Amino acid sequence: KDGHPVAVTLWPSPLVGEDGTVCGMILMSHHTRSDTGDEADSERSFRNIAALTPDAVFVHAGGPILFANAGAARVFGAGSPEILTRHSLADLTAPDDLERLRALRPMLVPGQPGPRTQVTHYRLDGSTFAASGYAMAITWAGKPAFAIVIEDVSEQVAVAERLAASEARYRRIAALSPDAILIHKDARVVFANQAAIAMFRAGSE
């Protein structure tokens, strides 16, 4: 209000209506630098905006989760966001992926989302799910912390794995077929079995 610039973190998130359809876009923001008097307002604003996004949003500083929204409670299978604050990121992340996430922390720049990363997380019941998201360096309660934004991509990963398995199975069948088999995409041959290569006398490339 006084005309002074304020550094904030912005990241877009879809706004979902009661019928489940996307009806808008939220630009979530968080002060990356603030005076002591502004910290409470900044944190309150972050909490209010995080409550509007369907994405899972949580904050930690290397130990127990400090804050989680309803989206985070949903993907981790917690009865409420408060239940997640009894756990740490280490409790909820596959060990190999946890090391990758820790290695990214020194590269995070305040005010800028880090690289999107896919990891395996644990729900509270012990089951796993694939998540895609990113981290941001922020200030929470006056101390350095990390805001994590993720979405459950288990279904997309499962579909991709089924497609890959189907393609591999088809290639094995085609390799054994005495008939020439060609697959093309956009007028370009992307696969030919040995029978087709022999018929057209094409090189293996």
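**Chatting through a predicted model**

Q: What's the relative accessible area of L182?
A: L182 comes out at 43%, so it's partly exposed. Buried means under 20% relative accessible area, exposed over 50%, and partly exposed is in between (1.4 Å probe, protein chains only). This is a predicted model, where local features need pLDDT of at least 70 and side-chain atom pairs count only at pLDDT 80 or more, while totals for chains, interfaces and linings use all residues. Residues are numbered from 1 along each chain as its sequence is written, and side-chain values use heavy atoms, leaving out hydrogens and water.

Q: Where does L182 lie?
A: In strand β8, residues 182-185. Helices (H or I, at least four residues) and strands (E, at least two) are DSSP runs, numbered from the N terminus.

Q: Switching to F67: buried or exposed?
A: F67 is buried, at 8% relative accessibility. It lies in strand β4 (residues 65-68).

Q: Which residues is F67 in contact with, leaving aside neighbours within four places in sequence?
A: They include F46, V57, T85 and W140. Contact means heavy atoms within 4.5 Å.

Q: How many salt bridges are there?
A: Six, counting a side-chain nitrogen of Lys or Arg within 4 Å of a carboxyl oxygen of Asp or Glu. One of them joins D97 and R100, with the closest N and O atoms 2.9 Å apart.

Q: Where do D97 and R100 sit?
A: Both are in helix α4 (residues 95-104), and they're three residues apart, so about one helical turn separates them. D97 is buried at 12%, whereas R100 is partly exposed at 37%.
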